[in-house]
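Subject: Structure for your review

Dear colleague,

Please find below the structure I am handing over to you. My notes on what was found in it follow directly after.

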Amino acid sequence: MRGGVLVAGIGNLFLGDDGFGPEVVRRLAGPGTPLPGGVRVVDYGIRGMHLAYDLLDGYDALVLVDAYAGGGAPGELTVLEVGPDDLGTGEFDAHGMNPVSVLANLGQLGGTLPLTHVVGCTPADVEEGIGLSEAVAAAVPEAVAEVRALVRRLLVAGAAPSSAVDPATAAPAPVPARTRRT
């Protein structure tokens, strides 16, 4: 794929609220209102190398959906814009998923970091176990809506070919500020 938006669910389903990202993308990809053309939704789970190689396809924008220990109350959503200066360095683990390391090492694979946003949710529990806590499960529908709105703004701002944007569902709006809590 050249251009467009990649929505990436990140997290381990076997560690409680760390499964937030996969649950959000599962709902985004499910029945109901489809996302506009030019958007690809993938549950990467803990497959960092898979995400890195997919980013080599040249996406204009990336939306990571993940548990994010932002210091807020469990279930609180945080939307961040992430750039190269925010990443620092990190050792890339081909068998795991550390999003910062994956993105920081993208250049070593010949790629370029696209415009990147994180839609994160403060976890309540990341201990071994399947299923989201009540607070994080309650945040999933809001996160789905947030990702849909962010994707629409990115598409209107030019993160995909204009033919992929449905003017009836996409209203021009600025890309979110660097950090915003909802």
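The buried residues of α1 are Phe20, Gly21, Pro22, Glu23, Val24, Val25 and Leu28. Their cover includes β1, β2 (39–45), β3, β4, β5 and α5. Please note that all of this is read from a predicted model.

**The chain as a whole**

The chain holds five helices and six strands. Read from the N terminus, its elements follow the order β-α-β-α-β-β-α-α-β-α-β. Of the 182 residues in the chain, 48% are buried. The chain exposes about 8600 Å², and carbon and sulfur atoms supply 54% of that area. Among contacts between residues at least 6 apart in sequence, 79% join residues that are at least 24 apart.

As to confidence, the mean pLDDT of the chain is 81, and 80% of the residues reach 70 or more. Over residues 160–182, however, pLDDT stays under 50. For that stretch the model has 49 contacts beyond four places in sequence. I would ask you to keep these values in mind when reading the remaining notes.

**The nonpolar cores**

Which residues have the most contacts inside the largest nonpolar core? They are Val5, Val7, Phe20, Val24, Val63 and Val147, in a core of 25 residues. The elements giving two or more residues to this core are β1 (5–10), α1 (20–29), β3 (61–67), β4 (77–82), β5 (115–121) and α5 (134–156). The largest share comes from α5, with 10 residues. Another core lies apart from this one; it has 19 residues, among them Leu6, Leu55, Leu103 and Leu113.

Val5 belongs to strand β1. With a relative accessibility of 0%, Val5 counts as buried. Gly37 is 32 residues away from Val5 in sequence, while their C-alpha atoms are 9.4 Å apart in space.

**Helix α5**

Helix α5 has 23 residues. From its first C-alpha to its last it reaches 34 Å, close to the 33 Å expected at 1.5 Å a residue. Where in α5 does a kink lie? It lies at Val140, shortly before the proline Pro141, and amounts to about 35°. After α5 comes Gly158, whose phi is positive, near 105°.

Ala139 is also part of helix α5. Is Ala139 buried or exposed? Its relative accessibility is 4%, under the 20% cut-off, so Ala139 counts as buried. Leaving out residues up to four places away in sequence, Ala139 touches Gly75, Leu77 and Cys121. Ala139 and Val24 are 115 residues apart in sequence, yet 9.4 Å apart in space from C-alpha to C-alpha.

**The loop between β1 and α1**

Asn12 is found in the loop that joins β1 and α1. Its relative accessible area is 19%, and Asn12 is buried because the cut-off for that class is under 20%. Apart from neighbours within four places in sequence, Asn12 is in contact with Asp18, Gly19 and Ile46. Asn12 and Arg47 are separated by 35 residues in sequence and by 9.7 Å in space, C-alpha to C-alpha.

**Points to look at in the display**

- Val140 in α5, where the kink of about 35° lies.
- Residues 160–182, where pLDDT stays under 50.

With kind regards

Note on methods. Residues numbered from 1 in each chain as written. Predicted model: local features only at pLDDT ≥ 70, side-chain atom pairs only at ≥ 80, totals over all residues. Heavy atoms only, no water. Core = buried A, V, L, I, M, F, W, Y, C linked by side-chain atoms within 4.5 Å. Buried < 20%, exposed > 50% of the residue type's maximum accessible area, 1.4 Å probe, protein only. Helix = DSSP H or I, 4+ residues; strand = E, 2+ residues; numbered from the N terminus. pLDDT = per-residue confidence, 0-100. Contact = heavy atoms within 4.5 Å. Expected span 1.5 Å × (residues − 1). Bend = angle between axes of the 7 residues up to and from the residue. Areas by Shrake-Rupley, 256 points an atom, 1.4 Å probe, with all protein chains shown as cover.
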